[in-house]
Amino acid sequence: MNEVVNGIGESSGVELAVIPRGTGWDFVRTFGIPRDIDLAVDVALNGRVREVDVGVASYRTWAGEAGRSLFANVASAGISGAIAQRANQSSKALGGKVSYYWATLSVFFGWQTGEMRVTVDGESRTGRMIDAMICNGRYLGGGMMMCPDAEPDDGLFDVLLIGDVTKRDLAFVLPKTYKGKHLPHPRLELLRGSTVTVDAEEPLPIELDGEQPGTTPVRFEIRPRALRLRAPAIP
């Protein structure tokens, strides 16, 4: 899906339909696109066109060059990129939820928390964080509803900053994310804005819709209603 969105670019008039056959199914959850193939095909043929926002990320590639890519669902800088890479490299035989859950646990226990600098529409935060999630959609990681109030057509990112969480925090909070019940939390902060920058003393992996194209420093900008998506018709 991410490759198709980047192929379409910011062209107007092109409509995207999704037949969910991946691992996480996170993008389609926000829009209610069914996983059943026949039902998804019906949405592709007869669904309403919904104009949704698209994110643009400007970052440093793994080769050290300037990179630029689009994303439609969720981007991040920090531990999420390493988790996505671990999940992509591991077996998916037990499904996306289990794959991402165990990838989260395995990466977390070896992660070194460092200082991050995050700015959202001019409002800055600096401190020890493990992740900054830039959400257009509500779900990531095989069903974690990390930003339950995110609206993909409001012209704003929901930005979730995850501080220096402990093993105890993870044990209590992670299960709650699948129902979107993890907020508020003293080590989590939610901001909203259309432009986000993230930097750190050491380059951090970034993640765009589950892909890992490079590292920080990174700048995320929103393109309001730049993608035309076939979604289920309103009764």
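This is a predicted model: local features need pLDDT of at least 70, side-chain atom pairs count only at pLDDT 80 or more; totals for chains, interfaces and linings use all residues.

Author: Residues are numbered from 1 along each chain as its sequence is written, and side-chain values use heavy atoms, with hydrogens and water left out.

Reader: How many salt bridges does the structure hold?

Author: Side chains of opposite charge can pair when their charged atoms come close. A salt bridge is counted when a side-chain nitrogen of Lys or Arg lies within 4 Å of a carboxyl oxygen of Asp or Glu. The structure holds 13 of them. In one, Arg 230 pairs with Glu 15, with the closest N and O atoms 2.7 Å apart. Arg 230 belongs to strand E11 (residues 214-231) and Glu 15 to strand E1 (residues 15-16), so the pair ties together parts 215 residues apart in sequence. Helices (H or I, at least four residues) and strands (E, at least two) are DSSP runs, numbered from the N terminus.

Reader: Which residues are linked with Glu 15 in a network of salt bridges?

Author: The network joins Glu 15 to Glu 51, Arg 228 and Arg 230.

Reader: Where in the chain do Asp 153 and Arg 50 lie, and is Arg 50 buried or exposed?

Author: Asp 153 and Arg 50 form a salt bridge, their closest N and O atoms being 3.5 Å apart. Asp 153 is in the loop between strand E6 (123-135) and strand E7 (157-163), and Arg 50 is in strand E2 (residues 48-61), 103 residues apart. Buried means under 20% relative accessible area, exposed over 50%, and partly exposed in between (1.4 Å probe, protein chains only). Arg 50, at 17%, is buried, whereas Glu 15, at 33%, is partly exposed.

Reader: What space lies in the largest pocket?

Author: Rolling a probe the size of a water molecule over the atoms shows where empty space is left. On a 1 Å grid over the protein atoms alone, a pocket is an open set of points where a 1.4 Å probe fits, with protein on both sides within 12 Å along at least five of seven lines; lining residues have an atom within 4 Å of a point. Grid points are joined across faces, edges and corners, and the volume is the space filled by probe spheres set on the points. Here the largest pocket holds about 1000 Å³. Of its 48 lining residues, those closest to the centre are Asp 26, Tyr 100, Leu 140, Gly 141 and Gly 210.
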